[in-house]
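Here are my notes on the model, point by point. Please read them with the structure open.

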Amino acid sequence: MSAPLWTLDAFLAATRGEARGEPQAEITGISIDTRTILPGEAFVAIVGDRLDGHDYVAKALEAGASLALVARHKLVDLPQDGRYVVVDDPLEALRNLGRAARARTSARIVAVTGSVGKTGTKEALRLALGRSGKVHASAASFNNHWGVPLTLARMPEDTEFGVFEIGMNHAGEITPLVQMVRPHAAIITTVQAVHLEFFGSVEKIAQAKAEIFLGLEPGGLAILNQDNDQFDLLTFLAKTAGVERIQTFGEAEGSDALLENYAVQTGSSSIQARVLGQEITYKIGAPGKHLVRNSLAVLLAVCELGGDLALAGLALAELSAPKGRGAQTRLKLPGGEAVLVDESYNANPASMRAALSVLGGMQAAAPGRKIAVLGDMLELGDAAGQLHADLIGPVEDSGADLVYCSGPLMRALWERLPREKRAVYAEHSEALTERLKDELRPGDIIMIKGSLGSRMGPLVDALKQEYPAADEMASA
Ligand SMILES: Nc1ncnc2c1ncn2[C@@H]1O[C@H](COP(=O)(O)OP(=O)(O)OP(=O)(O)O)[C@@H](O)[C@H]1O
Ligand SMILES: [Mg+2]
């Protein structure tokens, strides 16, 4: 049997907790969610905005949790015969457990932040480093004040490579997270106008992302996007933070990971690059130039952490676009097939442009058409109207034949669309459902994108329900 993630003794020492009842001696994992908890895992009762984990303790224990990590003042409301580790503040205890996990491992660590592309880059690193050793990486987008310590606390002692996604909505959030993670390499994928309503300017976003430098290990490496408008500012901020080593990726001459050539196919891209002086040709199993760029950062990190560059290149062929973030599905229609590109999980000006550029690179089989179904991009503040109207250029470049728009903000784009490209505008996405089902013809490519709150996902589901999938092309 492999070693448990934590022994009870180590868990008590790290959390500075007190055992009550009879917690199990071996802890096989850490969970904060009773819907997914497995027997043997420790349940950490976190108090969130909407829910209090203490309300789920009884359920966790019934499901076979080795123990529940709970707040002392909540004990009176919990089952008397439970298995507990008691602390003042379970979230602080989780952070302490995370710090202890970081301290006990000799893993080489990379942290990823950026306005877009964090999860995609994190998953690419997981794959690329996986060919060189044992990897531990964040689940989903676990990148915030509980996601990062949870990921750390879940890191087995014998991990060889740790991959952490670090996110933020406000200035000051990254600093404490990266100081727990203490990466050897830090990637900033790109800085873009995202969450503008909390920041006011792209430069302020850059400053907040640059907090990632404050947790770099001494001698650590910053990996920066040379083609990004904020590159000079980020370089300055890295140096100001005392970072001595910076490597760059992009198309600009002199980039440490230089994109020399690439071709985008349906469902994949082929790349030729020069990484730290070495020529490498590889494939990524998901389409889009944005993913090509991110992959250059991945390869620099692999080299920095001591992984094998050639094996990393081979591994990237297995990358796939996740559901809601570019996954492509062939739908069976009477008389042929159509391709559905599911981008319904999120949208901001950067990822909207990236998705429209992927659509631009795809070829609809005649007489099929390219159809874009676009929902509001949220959290953009005062600039929102303009940022929606500005999509007209990328929409034209994508070669979309028909555009559906939904949401009050998308009206700004709708009004700029040439008449022949206008399909339907609706205030709420739901109103488009029946029209889209009727619209689809064999040979069409349909791309659906919007912020999660714009509810474009149900449109994807409705099409998938109406037309069975021929097969999944690039989805996970
Ligand atoms: N460098 C990039 N430039 C523009 N768009 C990108 C880039 N990288 C990824 N994207 C697109 O952005 C979207 C979000 O990607 P991803 O989930 O990796 O981002 P994230 O930063 O983890 O987001 P979140 O903040 O929701 O966790 C996807 O649709 C993806 O295709
Ligand atoms: Mg993410």
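1. Domains. Domain bounds come from an automatic or database domain assignment. That assignment gives domain 1 (6–87), domain 2 (105–317) and domain 3 (327–466). The C-alpha centres of domain 1 and domain 3 lie 45 Å apart.

2. Ground rules. This is a predicted model, in which local features need pLDDT of at least 70 and side-chain atom pairs count only at pLDDT 80 or more, while totals for chains, interfaces and linings use all residues. Residues are numbered from 1 along each chain as its sequence is written, chains are lettered from A and ligands numbered from 1 in the order in which they are written, and side-chain values use heavy atoms, with hydrogens and water left out.

3. Magnesium site. Which residues coordinate the magnesium ion (ligand 2)? The donors are Thr 119 (OG1), Ser 141 (OG) and Glu 165 (OE), at 2.0 to 2.3 Å. Their spacing in sequence is T-x21-S-x23-E. Ser 141 sits in the loop between strand 9 (135–137) and helix 5 (147–153), and Glu 165 in strand 10 (residues 161–165), so this pair ties together parts 24 residues apart in sequence. (Donors are N, O and S atoms within 2.8 Å of the metal, or 3.2 Å for Na, K and Ca; water is not among the atoms, so sites may look incomplete. Helices, H or I with at least four residues, and strands, E with at least two, are DSSP runs numbered from the N terminus.)

4. Ser 141 is partly exposed, at 26% relative accessibility. Glu 165 is buried, at 2%. (Buried means under 20% relative accessible area, exposed over 50%, and partly exposed in between, with a 1.4 Å probe and protein chains only.) Ala 140 belongs to the loop between strand 9 and helix 5. Check its backbone: Ala 140 has a positive phi of about 45° although it is not a glycine. Ala 140 is partly exposed, at 49% relative accessibility.

5. Aromatic pairs. How many aromatic pairs does a search of the whole structure find? The count is 2. Phe 142 and Trp 146 form an edge-to-face pair, 5.1 Å centre to centre with 70° between the planes. Phe 142 is partly exposed at 22%, and Trp 146 is partly exposed at 24%. Trp 414 and Tyr 425 form a tilted pair, with 6.1 Å between centres and 45° between planes. Trp 414 lies in helix 15 (residues 411–414) and Tyr 425 in strand 21 (residues 422–426), so the pair ties together parts 11 residues apart in sequence. Trp 414 is buried at 10%, and Tyr 425 is buried at 16%. (Rings of Phe, Tyr and Trp, the last by its six-membered ring, pair if their centres lie within 6.5 Å; planes under 30 degrees apart count as stacked, over 60 as edge-to-face and the rest as tilted.)

6. Charges over rings. Arg 104 lies over the face of Trp 6, 3.8 Å from the ring centre. The charged end of Arg 325 sits over the ring of Tyr 345, 3.9 Å from its centre. (The criterion is NZ of Lys or CZ of Arg within 6 Å of the ring centre and within 35 degrees of the ring normal.)

7. Helix 10. Helix 10 (residues 289–305) has 17 residues and reaches 25 Å from its first C-alpha to its last, close to the 24 Å expected at 1.5 Å a residue. (The expected span is 1.5 Å times one less than the number of residues.) Of its 17 residues, 13 are buried, so helix 10 is largely enclosed by the rest of the structure.

8. Cysteines. The structure holds 0 disulfides, a disulfide being a pair of cysteine sulfur atoms within 2.5 Å. Cys 303 is partly exposed at 23%. Cys 405 is buried at 0%.

9. Backbone points to inspect. The Ala 366 to Pro 367 peptide bond is cis, with omega near 5°. Pro 367 is in the loop between helix 12 (349–361) and strand 19 (370–375). Glu 379, a residue other than glycine, has a positive phi near 65°. Glu 379 is in the loop between strand 19 and helix 13 (384–389) and is partly exposed at 36%.
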